[in-house]
Amino acid sequence: MTRVNKLTTASFVILAMLACLSPEAHAATCGSGPAGFEGWKQQFAEEARAKGIGASAVSALMGTSYASATIAADRGQRSFSLSLEAFLAKRGAATIVARGRALKQSQGALFASIQQRYGVPPGPLIAIWGMETGFGSQRGNQNMLSSIATLAYDCRRPEYFTDQLYAALKLIDRGVLSGATRGSMHGEVGQTQFLPKTILEYGTGNLDNAANALSSTANFLKAHGWRAGAGYQPGEANFAAIEAWNAASVYQRAIALMGRQIDGGE
């Protein structure tokens with residue numbers, strides 16, 4: 001009996017020591033305001049170095065600033081609570097569809113090539129392109145790394161944006177992005193607004209180039225189950241891939257509707 005007690009006690013001691021050594025025990029502490037951001041960066045930089053992130057990327061991280069505008073935008077995404085009709089009006093859906101139809105014609109060879117390779121028709125790709133950046137005209141002017149670092153530090157969704165931050169640092173190490181890269185409020189970049197982890201997984205080239213961005217978007221949709229020839233309206237097989245692109249229900253339905261209209265539906 002005494003021997004069992006000793007073994008049990010020893011086991012607890014070992015488990016406690018292992019817990020102290022685990023990465024989670026030393027994880028940088030999240031915060032809810034700018035006061036702790038500089039200290040958090042120091043902690044995160046140590047973790048990043050231990051994970052093999054290079055000096056240039058760590059230096060870029062240390063040069064980031066707390067992005068108050070990003071936090072305000074993250075807390076104020078009220079348009080996703082609108083009705084579909086109101087959301088379409090707010091986002092200028094009629095203009096997107098009209099220009100989208102013209103682009104489908106003028107860049108027909110590009111869209112035919114993408115459809116042949118990935119099975120994704122022009123409509124949903126053009127709808128995403130128009131919705132995300134107004135066909136490349138509004139790609140954001142926030143410092144990408146500051147936005148993502150701020151969201152990784154913020155206590156609202158630190159796990160999700162910690163993954164994005166590590167992806168951003170890897171891309172900086174590779175020379176794909178830099179500490180000066182500009183993007184939207186949550187750190188999305190390029191013509192169709194990819195987050196860094198999505199670039200790593202599905203990017204097919206420089207996303208400031210429309211052809212690469214559209215190919216990358218089709219690659220994303222295909223990887224999330226898109227099947228050539230299947231429908232993409234709510235309830236149809238390919239709608240699940242649109243759901244993977246954006247979590248907001250009203251956004252998903254808007255893309256499907258505009259895509260159908262661009263592709264020639266009512």
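Helix 2 passes helix 3 in a right-handed crossing, the near helix being turned clockwise from the far one by less than a right angle. The model is predicted, with local features needing pLDDT of at least 70 and side-chain atom pairs counting only at pLDDT 80 or more, while totals for chains, interfaces and linings use all residues. Residues are numbered from 1 along each chain as its sequence is written, and side-chain values use heavy atoms, without hydrogens and water.

Helices here are DSSP runs (H or I, at least four residues), numbered from the N terminus. Axes are lines fitted to C-alpha atoms over the stretch in contact, with angles from 0 to 180 degrees between N-to-C directions. On the helix 2 side the contact (heavy atoms within 4.5 Å) uses Lys41, Gln42, Phe44, Ala45, Ala48 and Arg49, and on the helix 3 side Val58, Leu61 and Met62. These divide into 6 nonpolar, 1 polar and 2 charged residues, where Ala, Val, Leu, Ile, Met, Phe, Trp, Tyr, Cys and Pro count as nonpolar, Asp, Glu, Lys and Arg as charged, and the others, Gly among them, as polar.

Helix 2 also packs on helix 10, at an angle of about 65° and with the axes 12 Å apart. This crossing is right-handed. Trp40, Phe44, Glu47 and Ala48 of helix 2 meet Thr162, Leu165, Tyr166 and Leu169 of helix 10, giving 6 nonpolar, 1 polar and 1 charged residues.

A further pair is helix 5 (residues 84–91) and helix 14 (residues 249–262), whose axes come within 10 Å and cross at roughly 70°. The two are therefore roughly perpendicular, the label for 65 to 115 degrees. In their contact, Leu84, Phe87, Leu88 and Arg91 of helix 5 face Val250, Tyr251, Arg253, Ala254, Leu257 and Met258 of helix 14. By class there are 8 nonpolar, no polar and 2 charged residues.

Helix 5 and helix 10 are among the helices that each supply at least two residues to the lining of the largest pocket. A pocket is an open set of points on a 1 Å grid over the protein atoms alone, where a 1.4 Å probe fits, with protein on both sides within 12 Å along at least five of seven lines; lining residues have an atom within 4 Å of a point. The volume is about 1,500 Å³, taken as the space filled by probe spheres set on the points, which are joined across faces, edges and corners. Of the 44 lining residues, Gln77, Phe80, Glu132, Glu188 and Asn246 lie nearest the centre of the largest pocket.

Methods: Parallel < 35°, antiparallel > 145°, perpendicular 65-115°, else oblique.
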